[in-house]
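Please keep the sequence and the structure open alongside while going through them.

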Amino acid sequence: MGNADAVWGVNSNNNIYNRGTETWKVSSGSGAWAGGFSACPSGYFFSAPASNTEREILKAVQGSNHVWVNYNDSVKENVWNNQRMPTVDGLEIVGDHPDAVGIEATGTMQLVASRVNVRGAMHGIHLRRRNRNVIVANCHLYENRGVGLFLDEVNLHQINVTGCHISYNGGGGIVVRGGGVCNMQISGCDVEANMAADGPPTANVLVDGGGVTAEIAITGCTLQHTHTCPDSANIRFVGTDRQGRTWGNLTIAGNVISDTQVNVDVQKARGVSIVGNTFWKGYQYNLRIEDSSNVVVGPNMFDRNTNYW
């Protein structure tokens, strides 16, 4: 009862569950959905199960009862009428200040960035705090000092990154750092050399979330360079959150991957599928998987083509 990070919910019989410790309790009486907020003890919050594990625990405890959970349409009507789908299209943005950012988005619904060229800035596209349903398509994020596409401590569901050229950004190509990101698709992109020789280790695609970061597909991309940078990787996924839970549901399929210290680096993940990729020139490892479970490594091609040496 004393865990302030726990999450509670109620049903029509005022069943209350604690997501933080994955234990459930049932109270007496009944009530409407709106009563769930006041039904929670001090320090607990009305919410919804956030994983299959939590849903199975709820089903086992609820029995035949009908359960209220805190699912709702969080988008206000004025957002649908006046604020949805901000679009940046067909622009070249050149940074002329040390802290310049090409596009920074906070609190957007259905942001579209398309046919945009950002170069010489700190970050190409910087997503912060909370965003929903983002599309980044047919963009050039090129030779920026920081990250090409930076998901920075952001709460974000649904982002599609397609047909982009993301190269020569010193702090990483596509980086998820902290926050919680679900449903991310990266497809048909060329992602190259996004690391600085004198900078901290990073990757062309780096996912290291602090919250629920899962359901990510990286398909049909070319990811390569640069092996001379320290601990460089083409894809690096770290699956643990701040509560020590392990996330994943990661698919890496049909990519061309080469010329970093570690081509694909998976740490502390659950639910990983790696199939149909072409690997070569992994200077330490082509594929490194540590402290992970439920992993499938299917047909892949691991080569040492002498034409490249």
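With which residue does D265 form a salt bridge, and how far apart are the closest N and O atoms? D265 forms a salt bridge with R288, and the closest N and O atoms are 2.9 Å apart; a salt bridge here is a side-chain nitrogen of Lys or Arg within 4 Å of a carboxyl oxygen of Asp or Glu.

1. On the basis of the note. This is a predicted model, in which local features need pLDDT of at least 70 and side-chain atom pairs count only at pLDDT 80 or more, whereas totals for chains, interfaces and linings use all residues. Residues are numbered from 1 along each chain as its sequence is written, and side-chain values use heavy atoms, with hydrogens and water left out.

2. D265 counts as buried at 0% relative accessibility, where buried means under 20% relative accessible area, exposed over 50% and partly exposed in between (1.4 Å probe, protein chains only). R236 is buried too, with a relative accessible area of 8%, and R288 counts as buried at 15%. Through shared partners, salt bridges join D231, R236, D265 and R288 into one network.

3. On a further bridge from strand β21. The count of salt bridges comes to ten, and one of them is formed by K281 with D259, the closest N and O atoms being 3.7 Å apart. K281 lies in strand β23 (residues 278-290) and D259 in strand β21, so this pair ties together parts that are 22 residues apart in sequence. K281 counts as buried at 13% relative accessibility, and D259 is buried with a relative accessible area of 6%.

4. On the nonpolar cores. A nonpolar core is a set of buried Ala, Val, Leu, Ile, Met, Phe, Trp, Tyr and Cys residues joined through side-chain atoms within 4.5 Å. The largest has 46 residues, and those with the most contacts inside it include L127, L149, V161 and I186. Strand β11 (residues 147-162) supplies the largest share of this core, six residues. Apart from it lies another core, of six residues, among them V147, F150, A203 and A233.

5. On Q224. This residue has its place in strand β18 (residues 222-224) and is buried, with a relative accessible area of 15%. The side chains of Q224 and S258 are joined by a polar contact of 3.3 Å, meaning a pair of N or O atoms within 3.5 Å, where, within protein, one must be able to donate a hydrogen and the other to accept it, and residues adjacent in sequence count only if both atoms are side-chain atoms.

6. On R130. R130 is found in strand β9 (residues 123-137) and counts as partly exposed at 38% relative accessibility. R130 and T106 are 24 residues apart in sequence, yet 5.9 Å apart in space, C-alpha to C-alpha.

How values were computed
Helices (H or I, at least four residues) and strands (E, at least two) are DSSP runs, numbered from the N terminus.
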